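Welcome, and please open your viewer. This tour moves from one selection to the next and says what you will find at each stop.

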Amino acid sequence: MSILAGSRLGPYEVLSPLGAGGMGQVWRARDTRLERFVAIKILPDELVEDAEALQRFEREAKAVAALSHPNILAIHDFGRQGGVVYAVMELLEGETLGECLASSDTLSSRRAVEYALQIAQGLGAAHERGIVHRDLKPQNVFVTLDGQVKLLDFGLAKSSRPSMTGQTGALTQPGLVLGTVGYMSPEQVRGENVDHRSDIFSFGVILYEMLAGQRAFHRDSDVETMIAILKEEPSELMQSGRAIPRELAELVVHCLEKSREQRYQSARDLAFALKVLEREGWPISGSTAPGSGARHAAVREASIAVLPFRNLSADRENDYFSDGMTEEIINALTKIEALRVASRTSSFAFKGKDEDVRRIGSALGVGTVLEGSVRQSGRKLRITAQLIDVASGYHLWSERYDREMEDIFAVQDEIAHSIAGTLKVRLLPADVERLTERGTADIEAYNHYLKGRYHFNRREPREAIAEFERALALDARYTAAYTGLADSYCIHGFYGGIPTVDALARAREAAGKAHDLEPESADVHVSLALVDHYFGWDLDREEAELRRAMELAPRSAAAYSWLGLMIPFRGRHAEGLEFARKAVELEP
């Protein structure tokens, strides 16, 4: 059935053609109900009776309708009238990225990053809903007149989540190649099953083209192009003669790894890396004069939340190190008397979430937020950190550290001192002394300790115990490893991992050794209290240990929390409630 200008599809009046693609014609139309202009995509006549094509078209409509994100084309309606199948979408004014590149040859690094960041944010939203685009290319990226980027055409999109019928959205089988030659990932070229990391490769190809002004894998024929994707590397961006920051070129290379395991593992991590580059390389849009944000932050109470540092390493198992780095910075900042620091539990509630810093600051009651990333390759580390003012959203301070693993303690010190200086927090002599305190000088012991904390926080006591014991084998005077070991045995025995008698004996022994090493440590007294809480049931001793922890660390939410749980067992319910409220106040 042909569509002509002036035709009606339900309440939509068809006005004029906008373009056409493999999955249909697009028309400008008017929604007579809401009095607005829209775009209508119509499946070609010859494909209406093609069950697979129709199913793909419907899947596009459903995939896009399930997403509500400023960087993804919005879909308003879907329907069928006679022999016409159509989808109603928001009407965009502007041009595709493909048209933009064809007319301008190349983009500035800054403009390329602005567009790339929006593409990554749109992909992140889709991937979080289990939707993989599978046909990401400049022609499927639209740039509006005001510079907003929209992802288009999810016609090949694959849903990795079950539908209402229990089936996934994939209509293809391994061995069937779908996508656009030149922008496909190696796994697409091989006809393998793909996941969200395939989109990240295609993203890298697009970013390369925006920066270099030429395609990464363009050859004389489709076959040669596909071979290049599988076997060859594109020309180095740094040798293109264009002003491209080295870090940006490295980011593109990381996206274009042949093995999906070596690429960025999520679009959210990719977006974060682009934000870091934007902040390091160029001033933020709308920023005020240098230092004005810092002065604004300093007039309020000095307070901070340290968000979990993102693991940008190729190996996802390095999460333990980025999480541990975050905890260590929190612990270091907590030692500064004049600075109020949101606790680990509160900050880690936002792990993996792309929340606005203003919402985070409001939820945690802090004036500034520290975020960062860690990339680890063998013994080499790249750590980025940036401090943001919650009220204004302005970037107050940032730094990048390219160091060896052996320098990790020095990096943590530098970050803590830089934050204190930025927030105009006066460091007392005692603060400086506490900041330089080290639980161990042995880097390998420290590494095992971080792994132990990672497993403990995931409530994997067997793995945590093994790592803490490895740390202690390297440094028998590592107090924090002993408290970690004690706490792990507590939950291991309490939840039935080992016999209670064994758990009690081992937990009490580890906590006792920690006390022998550092009798004035609040964490040690909390660990001693937990042994009695889980196994000993000596309520007098448990209460005494927790009150001693409070004396040594008045802002210890853990001590207040455990007291709030234990004291009602003694019949003092009102008092227990006050302790619990104080714990929530300290750790929202």
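Start by selecting Arg 28 and Phe 37: Arg 28 lies over the face of Phe 37, at 4.7 Å from the ring centre. A charge counts as sitting over a ring if NZ of Lys or CZ of Arg is within 6 Å of the ring centre and within 35 degrees of the ring normal. Before you go on, note that this is a predicted model, where local features need pLDDT of at least 70 and side-chain atom pairs count only at pLDDT 80 or more, while totals for chains, interfaces and linings use all residues. Residues are numbered from 1 along each chain as its sequence is written, and side-chain values use heavy atoms, with hydrogens and water left out.

Now pick Arg 344 and Phe 348. Here the charged end of Arg 344 sits over the ring of Phe 348, 3.9 Å from its centre.

Next, colour by secondary structure. The protein has 23 helices and 17 strands; helices (H or I, at least four residues) and strands (E, at least two) are DSSP runs, numbered from the N terminus. Strands of a sheet pair through backbone hydrogen bonds, either parallel or antiparallel. Two strands pair if DSSP finds at least two bridges between them; strand 9 (residues 141–144) and strand 10 are joined by three. Zoom in on Val 143, which stands opposite Val 149 in strand 10.

Go to the loop between strand 8 (131–132) and strand 9, where you find Arg 134. Although it is not a glycine, Arg 134 has a positive phi of about 75°. Is Arg 134 buried or exposed? With a relative accessible area of 8%, Arg 134 is buried; buried means under 20% relative accessible area, exposed over 50%, and partly exposed in between (1.4 Å probe, protein chains only).

Trp 537 also has a positive phi, of about 55°, although it is not a glycine. Trp 537 is exposed, with a relative accessible area of 51%.

**Aromatic pairs**

The structure holds 12 aromatic pairs, and Trp 537 with Phe 569 is an edge-to-face one, 5.7 Å centre to centre with 85° between the planes. Rings of Phe, Tyr and Trp (its six-membered ring) pair if their centres lie within 6.5 Å; planes under 30 degrees apart count as stacked, over 60 as edge-to-face and the rest as tilted. Trp 537 lies in the loop between helix 20 (522–536) and helix 21 (539–552), and Phe 569 in the loop between helix 22 (557–566) and helix 23 (573–586), so the pair ties together parts that are 32 residues apart in sequence.

For a cluster linked by ring pairs, select Phe 494, Tyr 495, Tyr 534, Phe 535 and Trp 562.

**Last stop**

Finish at Asn 447 in helix 16 (residues 443–457). Asn 447 counts as buried, at 13% relative accessibility.
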